[in-house]
Amino acid sequence: IEDPRLLASTPKVDIIISEPIGVLLVHERMLESFVYARDKFLRPGGAMLPSSGTIHLAPLSDAALWNETITKARFWQQDSFYGVDLNPYFAPAFDEFFSAPVVGCFSPSTLIGDSVQCEVDFHTVTLAGLKEFVIPIDWQIKYTGLMHGVAGWFDLAFIPPASSLHPGTKSSTVYMSTSPCSPATHWQQVRLLLKQPLAVNAGQVIRGMVSMKVNDQRSYDMEARIIALDEEEAATLTDEGLSALLDSQKSRTRSALWYLHEQTYNYAYTGEPLEPAKPESTNLYLPVESLLAESIAPAQRQPSSIVSSVQGVADSLTDFIVTSSSDQDSNAMQY
């Protein structure tokens, strides 16, 4: 589609179908070619499939990944590695490891808040809008613990506009998600680590922004600035006040620079265990009210079923009638 010889010979078309997607939706910058094709070849009212994409960013607590990353950097803290002092290289190694996005699936239990979303409408987005944009951050923290970084993934929508359909045809809506709560895909997810974890309390709000800007590696530089706020403080904070706090409140502010093309990979996560661990096993702590609410008074619980008898069916070694009963009713099921 980037071959200029096509411009003179390709007519306007009714639909453009492509797979221009990279890690976190925008890596490899193929969306620019998708939009270029739209502007050059799509007739008015035509369809783009996929029709839109949504970037998700969420607060992450992942001590294992953070510890693994700092261990790699600490290799360079050696006075005599075969007689060579490696310490002068520790600072650049530290910067390099923590600016590299980690691609791979991870457990949804590492998320300590719901994601913010940035939708990219492929029917209307401009080339300039793809080259530089800002994702505002506004996270409500669910657990007390340490925030080690930011988790990212994307969704795709396939919704042809009504103008592209034949008369009488019903529109369809199809979505695909690369969320950690969805089946794994080719793109997996991405984790972006902070150099210094941020201590957060349940109920606090994280505000700030992640700026996305294209680079010459067919990818993006991602710059983040965030701050932890009490809920009451966040409710009255203006944009000007947020900017002032980001500049002055160093102890509860974190900044980061990630290079989306400098990806590393981690395939340690293979799926949730049958019995998910409680959050405290990963040093995440629920508010007391939420913790106590997990134990409901017996009168409020759903009645449990109890097997009262198992009876074999005559002339069969495999068929049984199982009778179960509860506080409310009883029934029999044949197996």
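Which residues in helix H7 are buried? Let's start there, everyone, and do keep in mind that this is a predicted model.

H7 runs over residues 239–248, and its buried residues are Leu242, Leu245 and Leu246.

Next, a helix pair. H3 (residues 63–74) packs with H4 (residues 90–98) at an angle of about 150°, and their axes are 8 Å apart. Angles over 145 degrees count as roughly antiparallel, so that is how H3 and H4 are arranged. Their crossing is right-handed. On the H3 side, the contact is made by Trp66, Thr69, Ile70, Lys72, Ala73 and Arg74, while H4 brings Phe90, Phe94, Phe97 and Phe98. Sorted by class, that gives seven nonpolar, one polar and two charged residues.

Now for some backbone details. Most residues other than glycine have a negative phi, and most peptide bonds are trans. Leu24, though not a glycine, has a positive phi of about 55°. Leu24 lies in the loop between strand E1 (13–17) and helix H2 (31–41), and it counts as buried because its relative accessibility is 3%. Arg218 also has a positive phi, near 55°, but at 44% relative accessibility it counts as partly exposed. Look for Arg218 in the loop between E10 and E11.

Finally, the peptide bond from Leu49 to Pro50 is cis, with omega near 5°. Pro50 is in the loop between strands E2 (42–49) and E3 (52–60). Thanks, everyone!

Definitions and conventions: Residues numbered from 1 in each chain as written. Predicted model: local features only at pLDDT ≥ 70, side-chain atom pairs only at ≥ 80, totals over all residues. Heavy atoms only, no water. Axes fitted to C-alpha atoms, helices over the stretch in contact; angles between N-to-C directions. Helix = DSSP H or I, 4+ residues; strand = E, 2+ residues; numbered from the N terminus. Parallel < 35°, antiparallel > 145°, perpendicular 65-115°, else oblique. Left-handed = near helix turned anticlockwise from the far one by under 90°. Contact = heavy atoms within 4.5 Å. Nonpolar A, V, L, I, M, F, W, Y, C, P; charged D, E, K, R; others polar. Buried < 20%, exposed > 50% of the residue type's maximum accessible area, 1.4 Å probe, protein only.
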